[in-house]
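Hi everyone, thanks for coming. I'd like to walk you through one model today, so please have a look at it on the screen.

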Amino acid sequence: MRIETCYFCSAPCYPSKGITFVRNDARVFRFCKSKCHKNFKMKRNPRKLAWTKAFRRAHGKEMTVDSTLTFAARRNVPVRYNRELVATTLKAMGRVSEIRARRERAFYKNRMKGNRARQLEADRKLVAENQHLLPPEERDAVKEVLEQDEETLAEQQQLDELEEEELEALEAKRKVKAKRPARTARLVRGQGVEMDVDE
């Protein structure tokens with residue numbers, strides 16, 4: 001059983017499902033549903049429609065470069081049936097799907113990493129700008145919270161500056177060490193150890 005991929009949205013096309021369009025030059029296009037077929041006939045670009053895989057890949061929302069993606073690529077090379085090869089392939093398919101799921105989860109977490117902090121910052125800004133809409137008893141509490149946030153932000157900035165200065169000092173020390181010429185000691189017959197500086 002061969003599972004094709006939709007030409008438009010890259011979704012799986014199962015046997016006896018979807019639409020197959022054969023062009024005059026004998027090129028075959030498979031579509032998972034009529035929506036994809038209609039958009040194809042309207043000559044729409046799949047990279048500009050947010051619900052397609054092409055859009056998601058083009059806009060960095062899904063993994064594009066990964067070794068697990070090449071494993072699923074279709075190979076049109078006939079291979080003689082070998083029971084051991086089939087068994088190892090089936091095992092590998094399961095393992096590759098696990099690895100791919102883990103990597104996709106990590107990719108998603110990395111992509112969504114700063115969203116919570118950005119949302120909190122936007123909420124604080126909204127509250128700071130619209131304090132006149134709050135009930136009078138809550139305004140004082142909001143002011144205290146905003147002042148505390150400013151203090152913590154100032155402390156964080158100071159810590160960041162200190163860390164940057166320390167890193168710069170370490171880099172400067174490394175550069176100085178790298179610039180020092182290496183000294184070599186050699187034995188000279190009758191005179192003892194002679195120190196020499198390489199240039």
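How many helices and strands does the protein chain have? There are six helices and six strands. Keep in mind that this is a predicted model. If you trace the elements from the N terminus, the order is β-β-β-β-α-α-α-α-α-α-β-β.

Now some whole-chain numbers for the computational folks. The protein chain has 199 residues, and 13% of them count as buried. Its accessible surface comes to about 17,400 Å², with 53% belonging to carbon and sulfur atoms. As for contacts between residues at least 6 apart in sequence, 32% join residues at least 24 apart.

Let's zoom in on one residue, W51. You'll find W51 in the loop between α1 (34-41) and α2 (53-58). Setting aside neighbours within four places in sequence, W51 is in contact with F8, C9, K35, C36 and N39. Take C9 from that list: C9 and W51 are 42 residues apart along the chain, yet their C-alpha atoms are separated by 7.5 Å.

Last stop, the second largest pocket. This pocket holds about 170 Å³ of space. Which residues line the second largest pocket? They are E121, R124, K125, A128, L146, D149, E150 and L153. The elements giving two or more residues to that lining are α5 (115-129) and α6 (136-179). By class, the lining has five charged residues, three nonpolar and no polar.

Happy to chat about any of this!

Notes:
Residues numbered from 1 in each chain as written. Predicted model: local features only at pLDDT ≥ 70, side-chain atom pairs only at ≥ 80, totals over all residues. Heavy atoms only, no water. 1 Å grid on protein atoms, 1.4 Å probe; cavity = no way out; pocket = protein on both sides within 12 Å on 5 of 7 lines; lining within 4 Å. Points joined across faces, edges and corners; volume = space filled by probe spheres on them. Helix = DSSP H or I, 4+ residues; strand = E, 2+ residues; numbered from the N terminus. Nonpolar A, V, L, I, M, F, W, Y, C, P; charged D, E, K, R; others polar. Buried < 20%, exposed > 50% of the residue type's maximum accessible area, 1.4 Å probe, protein only. Contact = heavy atoms within 4.5 Å. Areas by Shrake-Rupley, 256 points an atom, 1.4 Å probe, with all protein chains shown as cover.
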